[in-house]
Amino acid sequence: MHDELGKGLRRQREARGLSLRSVATAVGVSASMLSQVETGKLHPSVPKLFEIAAYLEISVDSLLGLPSGEEAGPSRLAVERAVQRREAAPRIDIQNGVTWERLASAADENVEALLVTYDPGSSSSMDGKLMRHAGREFGYVLEGELTFRLGFETMVLRKGDSFSFDAQRPHVFTNESGAAAQGIWYVLPEQTSPSPTSEAGAGQVTQALRALQSGM
């Protein structure tokens, strides 16, 4: 899946006539790092994947070369979005031990439904720093324990706990326990560009991605 993700990024970048260096500069990484992502040698963090895809103005369907709603056809689309078999669920293993699995959803809905798994020691950001992006996140913890930092607050989320917050607020999820944690996430992206991310005033720029819309 990592190779497919990288190939999808390169395919979409080249289709837009953008150089590796120009995209890398725009999203705040080195050209060599982006090249490694495109070749599958390096896996981007969740926020960085958001930012790259948002800059290229693509859905995750496009990254993986999956058919869009129009290409799939109305009858097929209706069936596929009503029921999604476990073995057919699109999945990405993100760097830092985080896994995204797309849940069944309609292509025209402005919401991304995800089954998110955090391995022990994993984090939603590459370096454990607070990140922020456009949109809103909702979630429910199914099992395990997650440490959730939102601004200056730190909370431990356990089975049965839920959350909802404006993703423009600096935040990070980490699994500091010895067992995997899993939950259902709903991400409502926005199409506007967010302000710079920060941890106590410093950080990188991230944007919302229609993260796993009808396919990843």
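A residue counts as buried when its relative accessible area is under 20%. That cut-off applies to this predicted model, in which buried residues make up 47% of the 216 residues of the protein chain. Ser125 is one of the buried residues, because its relative accessibility is 1%.

The overall make-up comes next. The protein chain holds 7 helices and 9 strands. Of the contacts in the chain with a separation of 6 or more, 69% are between residues 24 or more positions apart.

The sheet can be followed strand by strand. Strands of a sheet pair through backbone hydrogen bonds, and the pairing can be parallel or antiparallel. Here 6 strands form an open sheet with antiparallel pairing, and their order is S1-S2-S3-S9-S4-S7. At the edges lie strand S1 (91-94) and strand S7 (162-166), each of which pairs on one side only. From one strand to the next, the twist averages 20°.

Strand S2, residues 98-102, is joined to strand S3, residues 112-118, by 5 bridges in the antiparallel sense. In this pairing, Thr99 stands opposite Thr117 of S3. Strand S4 covers residues 136-143 and pairs with S7, again in the antiparallel sense, over 5 bridges. Arg136 faces Asp166 of S7 there, the two residues standing opposite each other. S4 is also joined to strand S9, residues 181-188, by 7 bridges, and these two strands run antiparallel. Opposite Phe138 in that pairing stands Tyr186 of S9.

Two of the helices can be examined as a pair. Two packed helices are described by the angle between their axes and by the distance between those axes. For helix H2 (residues 20-27) and helix H3 (residues 31-38), the axes come within 8 Å and cross at roughly 105°. Angles of 65 to 115 degrees count as roughly perpendicular, and H2 and H3 are therefore roughly perpendicular to each other. On the H2 side the contact is made by Leu20, Arg21, Val23 and Ala24, and on the H3 side by Ala31, Leu34, Ser35 and Glu38. By type, the residues of this contact are 5 nonpolar, 1 polar and 2 charged.

Where is Ser125 found? Its place is in the loop between S3 and S4. The side chain of Ser125 reaches the backbone oxygen of Lys129 at 2.8 Å. Ser125 and Val172 are separated by 47 residues in sequence, while their C-alpha atoms are 6.7 Å apart in space.

Another loop, between strand S8 (171-174) and S9, holds Asn175. Is Asn175 buried or exposed? With a relative accessible area of 2%, Asn175 is buried, because the cut-off for that class is under 20%. Which partners does the side chain of Asn175 reach? A polar contact of 2.6 Å links it to the side chain of Ser177, and at 2.9 Å the side chain of Asn175 reaches the backbone oxygen of Ala179. Leaving aside neighbours within four places in sequence, Asn175 is in contact with Tyr118, Asp119, Pro120, Gly121, Ser122, Glu145, Leu146, Ala180 and Ala181.

Key. Residues are numbered from 1 along each chain as its sequence is written. This is a predicted model: local features need pLDDT of at least 70, side-chain atom pairs count only at pLDDT 80 or more; totals for chains, interfaces and linings use all residues. Side-chain values use heavy atoms; hydrogens and water are left out. Two strands pair if DSSP finds at least two bridges between them. Helices (H or I, at least four residues) and strands (E, at least two) are DSSP runs, numbered from the N terminus. Axes are lines fitted to C-alpha atoms, for helices over the stretch in contact, and angles run from 0 to 180 degrees between N-to-C directions. Angles under 35 degrees count as roughly parallel, over 145 as roughly antiparallel, 65 to 115 as roughly perpendicular and the rest as oblique. Contact means heavy atoms within 4.5 Å. Ala, Val, Leu, Ile, Met, Phe, Trp, Tyr, Cys and Pro count as nonpolar, Asp, Glu, Lys and Arg as charged, and the others, Gly among them, as polar. Buried means under 20% relative accessible area, exposed over 50%, partly exposed in between (1.4 Å probe, protein chains only). A polar contact is a pair of N or O atoms within 3.5 Å; within protein, one must be able to donate a hydrogen and the other to accept it, and residues adjacent in sequence count only if both atoms are side-chain atoms.
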